[in-house]
Amino acid sequence: MEAKPTYEFYIPSLYDEIALACRIYTLPENYFGGTTGDGTTGKKPWTPLGAVVAHPWARMGGSFDDPTVGHIVAELLRLGFTVGTFNLRYDELSDLSWDNPMLTTRRGAGKSKGKSTWSSKAELQDYISFVGFFTYYLSNLHPPIPETEDDFYSLAPVLSGVPVARPPAHLLLAGYSFGALLTRHLPNIPAVLGRFAKVLKTSTEAEIRMRATRLAAVTTIDLLLRKFNGAESRRTLKGKAPDRGNEPATVPEKTFQDWIEEKKEYLILLQSPFVRKEKRNSWPDEALSVGPDDDDYVIRVDIPTPKSHYLLVSLLLEPLSLVCTGLRKLVDADEDRLDYKFLYNTTLVVHGGKDRFTSVKKIGYWGSEIKENSDGRFKSLQVAKAGHFWRDKEEYLDLRWCINQWVLGWLHGGETESNRGSVAGGRSLAII
């Protein structure tokens, strides 16, 4: 069954601030009781699992509505992930920006704005923009939701924006076709987060971070509404914030209805354009060389670095990859350094045996050295009967089976026959 997005909204691109259409998919049972990996719920503690899925080339009609992207999203949801997708830029007629973000483009990546670039460098920055957003969003989610009314007050500090210590999350970065090509060229997560850690208050990075924390608050409020069926609308949330040493903090009392009204305001903000109050070239000179204590210009927020994992489906390699990057390198790095992150983070490559864009032989040659030096972290599988597009039911079920078994392997420490039965598939697989 096709997954339905829980939230649809916009963020500005780091490249030029054009509007990127984004979606978040959630399942309440993933927060209330955790998932077992076979679509059932359990009582184990909630594990912060997040995944970002990048879509095929917009110039060829790719968007987050692509069916294969949908199958990947649906399977990750079943496994307990919060999943994010976004539309890369593409509009062949205009340079529309935030002036009218709801205006749809003629073709390609849905409601995202801006022109596709032949070098794909702008698209890579779009991807980095959403990864930064999603990581901050995931770090600001604070399940588990209280089980009883007596525990209800404990979320007041969370909704008020008071930092709460949490373990690092698992972040899965996935891409299909051109999306896999971008995922391969994506900087590692510490490098991405470094771009968002210390930023000017009027910067695009600050706007993206703010939207992430607002959507996290909306998600928490929605989970509370679902948990208590709206029965707590008149209850007052109050209590002390977590102990912060010599800096005691108090939380203002608010009724649950107050939080609902705040949620409405947040949603309006998330679906509205980013209006820059000051142009980049009009910032004061001193703002361009700020120090660590210049609070008038700088916001610094450090979050735990999530554990990274990578999923590449129908990866494009040369020569076709060069068509998407204008015969240029997408990043200034040699091949060995480009794939360095796959040596130290669990990675799965899934490829169709009948893929006409990049042959299985080429995929095997590319991944052989990575696999040899990855200490078992890098795996590549061939689905013999599948092509590039995963159209037939047997093909996409095999794809979902590969994802299911791979995630269970690193998340729960191995595969079992009961888990194996949770997704039909696995009939025509081979190790590349």
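Begin by selecting Ser177, which touches Pro56, Val313, Ser314, Leu316 and His388 when residues up to four places away in sequence are not counted, a contact being heavy atoms within 4.5 Å. This is a predicted model, in which local features need pLDDT of at least 70 and side-chain atom pairs count only at pLDDT 80 or more, while totals for chains, interfaces and linings use all residues. Residues are numbered from 1 along each chain as its sequence is written, and side-chain values use heavy atoms, with hydrogens and water left out.

Staying with Ser177, look at the loop that holds this residue, between strand E5 (170-176) and helix H5 (178-185); helices (H or I, at least four residues) and strands (E, at least two) are DSSP runs numbered from the N terminus. Ser177 counts as buried because its relative accessibility is 8%, where buried means under 20% relative accessible area with a 1.4 Å probe, protein chains only.

Next, select helix H3 (residues 121-139) together with helix H6 (residues 189-197), which pack at an angle of about 80° with their axes 10 Å apart. H3 and H6 are therefore roughly perpendicular to each other, a term for angles of 65 to 115 degrees. To see the contact, show Gln125, Ile128, Ser129, Val131, Gly132, Thr135 and Tyr136 of H3 with Ile189, Val192, Leu193, Arg195, Phe196 and Ala197 of H6.

Finally, select the whole protein chain, which has 14 helices and 13 strands, and in which 55% of the 432 residues count as buried.

Methods. Buried means under 20% relative accessible area, exposed over 50%, partly exposed in between (1.4 Å probe, protein chains only). Axes are lines fitted to C-alpha atoms, for helices over the stretch in contact, and angles run from 0 to 180 degrees between N-to-C directions. Angles under 35 degrees count as roughly parallel, over 145 as roughly antiparallel, 65 to 115 as roughly perpendicular and the rest as oblique.
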